[in-house]
Amino acid sequence: MSASLAVASPSVLLQQLESMRNEVQTPECRHWLEQELQGYAPDAQLPWYRIIACRQRGHFLDLNTGRYLTCHIGSQTLCQRDLAHIQFIYARAPAAHYLLHPSSDIEPWPDDLKEQYQALLIPGYLCLQAWHEPVSSLRLRLMEGIEQFINEYPKYAALQPQHSFKALQHSHWHI
C-alpha cells in the first residue's frame with residue numbers, strides 16, 4: 001500500500017462496499033463484494049489482506065511452584081504441520097466483524113492442538129491456554145486492503161471492462 005493512501009473509517013468502508021454491490025455488474029466483483037459483506041467459505045481463496053502472520057503466546061503453570069507465566073511460544077517447539085495451521089489468521093468472517101469489533105484479533109489454538117502440546121511447550125510447565133495474535137493489526141490491514149480495492153477497481157474497469165476484477169486480482173490480490 002502506498003503511504004499516501006488515507007484509510008477511511010470502518011463504517012464508511014462498509015457503506016462503500018454496500019454501495020458498490022448495488023452498482024458493480026461484473027460477476028467476479030459482485031462475488032468478492034458478497035464475500036466481504038457475508039464472509040468467506042472455509043475453502044474460498046482469500047485476498048492477501050485477509051491472511052495475517054501471527055505470533056504464538058500462551059499462559060502456563062509452573063508445576064513445581066504453582067506460579068503462572070504468560071510468554072511467547074517459539075515456532076521451533078511445534079512440528080511444521082501443526083505450525084502451518086496456526087502461523088496465520090485466515091480472516092473469513094464478514095468485514096463488519098473485524099472492522100466494527102477491533103478486539104477480534106486474538107484467536108485461541110484449537111483444543112486438540114493445545115492438548116497435544118500442553119506439557120511439551122516449556123519443560124516443567126503446563127500450558128493452560130494458547131493463542132495466536134497477529135503481528136500487525138488485522139483491522140487496519142483489512143481496512144487498507146478494502147480501501148485499496150475500492151480505489152483501484154474503477155481504474156481497472158475503465159481500462160479492461162470485461163476483465164477488470166481478474167486484472168486487479170493478478171496484480172497483487174491473492175497469495
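I started with strand β4 (residues 107-108), which two bridges join to β5 in an antiparallel run. Helices (H or I, at least four residues) and strands (E, at least two) are DSSP runs, numbered from the N terminus, and two strands pair if DSSP finds at least two bridges between them.

The model is predicted: local features need pLDDT of at least 70, side-chain atom pairs count only at pLDDT 80 or more, and totals for chains, interfaces and linings use all residues. Residues are numbered from 1 along each chain as its sequence is written, and side-chain values use heavy atoms, with hydrogens and water left out.

I then followed W131. R57 has W131 as its bridge partner in β5. Nine bridges join β1 to β5 (residues 125-134), again antiparallel.

Of its 30 residues, L17, M20 and I146 touch the most other members. Two or more residues each come from α1 (10-23), α2 (27-38), β1 (51-62), α4 and α6 (138-159). The largest share, seven residues, is from α6. Apart from this core lies another of 13 residues, including W109 and Y117.

I checked M20: beyond its neighbours within four places in sequence, M20 is in contact (heavy atoms within 4.5 Å) with C29, L33, F149, I150 and Y153.

Last, Y98, in helix α4 (residues 95-100). Is Y98 buried or exposed? Y98 counts as buried because its relative accessibility is 4%; buried means under 20% relative accessible area, exposed over 50%, partly exposed in between (1.4 Å probe, protein chains only).

Conventions:
A nonpolar core is a set of buried Ala, Val, Leu, Ile, Met, Phe, Trp, Tyr and Cys residues joined through side-chain atoms within 4.5 Å.
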